[in-house]
Amino acid sequence: MRCINKKKLAGILSIALCLSLSAGCGEKAALKNAYSMRDAMEAYGMGNAAEGGGSQAFFADDLCVAGTEDLFSENVKAALSEAAGLFSLQEKQMKFGKNVHERLFPASTTKILTAYVALKYGNLADTATVTAEELQLEEGSSVCGLAVGDTISLEELLYGLMLSSGNDAANVIADLVCGSREAFVEKMNEEAMALGATNSHFVNPHGLQDEEHYTTVYDMYLIFQAAVKEEKFLSLISSASHEGKLTNAAGESVTKDWTNSNWYMTGEATQPEGVHVIGGKTGTTSAAGSCLVLYSEKEGGSPYISIVFKAENKENLYEEMTELLGEIQ
């Protein structure tokens with residue numbers, strides 16, 4: 001599906017998004033007139049509206065704008081998941097789309113946005129000391145093995161977040177970067193809105209089940225395409241494993257072995273010939289099903305984002321994802 005009507009969409013979004021523009025955690029930008037195109041364009045650095053802002057790009061110029069119709073392929077089994085999408089970043093086209101605007105639970109793919117916000121507003125060298133409250137998680141929750149009194153840097157926390165899908169790391173990151181989980185979640189929603197993900201709402205930094213915590217395949221594409229522009233984010237998702245370093249409550253140096261849960265990284269799934277999976281993020285809960293967001297490249301460097309949400313199991317998830325990757329030409 002070709003990216004169309006970008007100027008019309010950009011005009012609408014630039015007005016709506018100005019309401020949530022922020023400078024930092026807990027700091028919201030103010031406009032003289034929230035419904036003024038002139039103020040909206042100037043707030044987003046789009047030049048002087050009175051002069052046409054001709055040298056500035058519109059919001060959707062570099063995005064694939066997906067319509068409401070599905071776009072199928074005879075080579076991809078449509079019944080393996082609830083929603084899926086394949087997006088060519090170079091061509092700015094959606095190559096495959098199934099229910100891309102349907103609101104679904106993202107599970108731990110939420111951590112893509114958590115990492116994006118942490119990298120944007122945090123300092124990788126800053127350290128946090130883990131509290132008991134931050135480790136209060138539902139039974140069976142995925143963790144990276146933090147303990148009360150551990151002192152650990154934001155950089156190490158991000159590896160624990162993205163490789164081991166540590167819900168414990170997500171809570172510590174939120175408190176470290178914004179002072180509280182509530183302030184961090186507010187920032188997550190503001191950043192999602194600023195990226196155009198207007199059909200999403202987040203209530204926690206880890207993705208544990210909540211009826212008010214949801215996104216769509218298309219919104220996740222918008223969030224992920226912004227995240228992969230960050231060099232450190234690519235380093236995180238492309239790591240098959242990482243030896244995390246921290247200091248425990250007794251002052252002793254401790255290492256943690258964190259392994260990527262992505263089957264393409266572990267060799268449990270085989271990527272199609274001519275396609276290189278750089279990395280991504282998995283997510284699984286009983287309500288969300290099995291989810292996966294990937295960043296891949298065709299031989300020669302053409303980048304793609306592929307997303308599968310709510311597959312019944314991991315086998316179906318990776319079968320459909322492999323079929324999507326096979327559509328890369």
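Author: A disulfide is called where two cysteine sulfur atoms lie within 2.5 Å. This is a predicted model: local features need pLDDT of at least 70, side-chain atom pairs count only at pLDDT 80 or more, and totals for chains, interfaces and linings use all residues. Residues are numbered from 1 along each chain as its sequence is written, and side-chain values use heavy atoms, without hydrogens and water.

Reader: How many disulfides does this rule give?

Author: The general idea comes first. A disulfide is a covalent bond between the sulfur atoms of two cysteines. Here the count is 1 disulfide. C25 pairs with C178, with 2.0 Å between their sulfur atoms. The link of C25 and C178 is left-handed, at -45 degrees about the S-S bond.

Reader: Where do C25 and C178 sit in the chain?

Author: Helices (H or I, at least four residues) and strands (E, at least two) are DSSP runs, numbered from the N terminus. C25 is in the loop between strand 1 (22-24) and strand 2 (27-28). C178 belongs to helix 5 (residues 167-178). The pair is 153 residues apart and links distant parts of the chain.

Reader: Is C178 buried or exposed?

Author: Buried means under 20% relative accessible area, exposed over 50%, partly exposed in between (1.4 Å probe, protein chains only). C178 is buried, at 13%. C25 has 25% relative accessibility, so C25 is partly exposed.

Reader: Which residues of helix 4 are buried?

Author: They are L154, E156, L157, L158, Y159, G160, L161 and M162. That is 8 of the 9 residues of helix 4 (residues 154-162), so the rest of the structure largely encloses this helix.
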